[in-house]
Amino acid sequence: MENCIFCKIIAGEIPSAKVYEDGEIVIFKDIEPIAKVHLLCVPKEHFAYLSELDGAREALLGRTLKKIADLAPALGLEDGYRLVVNQGDNAGQTVRHLHIHILGGQPLGWQ
Ligand code: AMP
Ligand code: ZN
């Protein structure tokens, strides 16, 4: 997708600190971390919103959540973590390529 920063990261056109990659997802460090561990899990397929899920994407999302759970101890998240998916303007979504924030490495507040 043209002008999508995450597509460019996936294509290797923009550098990123990748911690995991397979055929359908990539996980890299957020450039402006808000927790000791702040990763972004991004499906390689470009779509922006959960409202665009179809059967195949639902299955992809399920596998992605399972992958995050499997990787969590190796990512420094053995004491727990939070997943955040910003959707749209009120959530402050700045990158319109679906991504899951993975936050942890410390106790997280709640607001
Ligand atoms: P959101 O506000 O949910 O759309 O989240 C987008 C996230 O992408 C923000 O937390 C940014 O810090 C992060 N981000 C933007 N550009 C980059 C980049 N080049 N490498 C890593 N993270 C980025
Ligand atoms: Zn994209």
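Start by selecting Ile25, Ile27, Leu39, Cys41, Leu77 and Ile102: in this predicted model, these residues have the most contacts inside the largest nonpolar core, a set of 17 residues. Now colour by secondary structure. Strand E2 (25–29), strand E3, helix H2 and strand E5 (100–104) each give two or more residues to this core. The largest share, four residues, comes from H2.

Next, centre the view on Ile102 and show what surrounds it. Leaving aside residues up to four places away in sequence, Ile102 touches Ile27, Val37, His38, Leu39, Cys41, Ile68, Leu77, Tyr81, Arg82 and Leu83.

Then pick Phe6, Cys7, Val26 and Phe28. They are among the 10 residues of another core, which lies apart from the largest one.

Keep Cys7 on screen and bring up the zinc ion (ligand 2). Which protein atoms are its donors? They are Cys4 (SG), Cys7 (SG), His46 (ND1) and His97 (ND1), at 2.0 to 2.3 Å from the zinc ion. For reference, the ideal angle for four tetrahedral donors is 109.5 degrees. Along the chain, the zinc donors follow the spacing C-x2-C-x38-H-x50-H.

For the last stop, select Cys4 and His46 together. This pair links distant parts of the chain, 42 residues apart: Cys4 sits in the segment before helix H1 (5–10), and His46 in the loop between strand E3 (37–43) and helix H2 (55–71).

Conventions:
Residues are numbered from 1 along each chain as its sequence is written. Chains are lettered from A and ligands numbered from 1 in the order in which they are written. This is a predicted model: local features need pLDDT of at least 70, side-chain atom pairs count only at pLDDT 80 or more; totals for chains, interfaces and linings use all residues. Side-chain values use heavy atoms; hydrogens and water are left out. Donors are N, O and S atoms within 2.8 Å of the metal (3.2 Å for Na, K and Ca); water is not among the atoms, so sites may look incomplete. A nonpolar core is a set of buried Ala, Val, Leu, Ile, Met, Phe, Trp, Tyr and Cys residues joined through side-chain atoms within 4.5 Å. Buried means under 20% relative accessible area, exposed over 50%, partly exposed in between (1.4 Å probe, protein chains only). Contact means heavy atoms within 4.5 Å.
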